[in-house]
Amino acid sequence: MIREPIPRPIRTPASWAAATALALAALTGLTGCATTGDCPEAIGSRDLTPAAIAATGASAHTGRLVQWGGVLIEARNRRERTELEVLGYPLDGCGRPRVQAESVGRFLIVSPGYLETAELRPGRLVTASGRLLGSEAARVGEVPYPLPMLESFKPHLWPAEPTGGPAMRPWVTIGIGGGSGGVGGGVGVAF
């Protein structure tokens, strides 16, 4: 049996240029900043955490503007408002809770009026901006815990992640193709 050598691809200046352009596009996409328009409006500070307010008291911070987010624990409709109990997490640049980080404490999002709680299932990611109203005495298990209250007229619900666990961000896709006109490629980046 005679084996023929495997032919090596011919490297032309056009293929080198395409590969270089593709590598530069990928590097730019990974290091650049993209805005998809899905980011909630950031009003207020992210420096003050719910845990810090629970530890020091809310009265000194009442009226301060903050942006917080986290994992929805429970949604409750009250007579004149809807309350969302949230386990807080630090936010990424777009305001999405980073659940792989350590929790920053529990808090309540207080939204005047009625929100449909059927859409507010436990486990959903939520972000809200607004002013601090103080805190409400609550219990976590048998332990008393003051829940800082954040008034938000429009909490932002994040789309549910695909099944199989949380998605890694950014998502990068690379496509390369060739034909009689040469070699081409492209990079797609989603945040």
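1. Let's start with a term: a residue is buried when its relative accessible area is under 20%, exposed when over 50%, and partly exposed in between (1.4 Å probe, protein chains only). Serine 45, at 17% relative accessibility, therefore counts as buried.

2. A quick word on the ground rules. This is a predicted model, so local features need pLDDT of at least 70 and side-chain atom pairs count only at pLDDT 80 or more, while totals for chains, interfaces and linings use all residues. Residues are numbered from 1 along each chain as its sequence is written, and side-chain values use heavy atoms, with hydrogens and water left out.

3. Back to serine 45, which sits in the loop between helix H1 (13-31) and helix H2 (50-56). Helices (H or I, at least four residues) and strands (E, at least two) are DSSP runs, numbered from the N terminus. Neighbours within four places in sequence aside, serine 45 is in contact (heavy atoms within 4.5 Å) with Arg64, Leu65, Val66 and Gln67.

4. Now for the rings. Searching the whole structure turns up one aromatic pair. The ring centres of tryptophan 68 and phenylalanine 107 are 5.0 Å apart and the planes are at 65°, so this pair is edge-to-face. Here, rings of Phe, Tyr and Trp (its six-membered ring) pair if their centres lie within 6.5 Å; planes under 30 degrees apart are stacked, over 60 edge-to-face, and the rest tilted.

5. Tryptophan 68 belongs to strand E1 (residues 65-77) and phenylalanine 107 to strand E3 (residues 105-112), so the pair ties together parts 39 residues apart in sequence. Both tryptophan 68 and phenylalanine 107 are buried.
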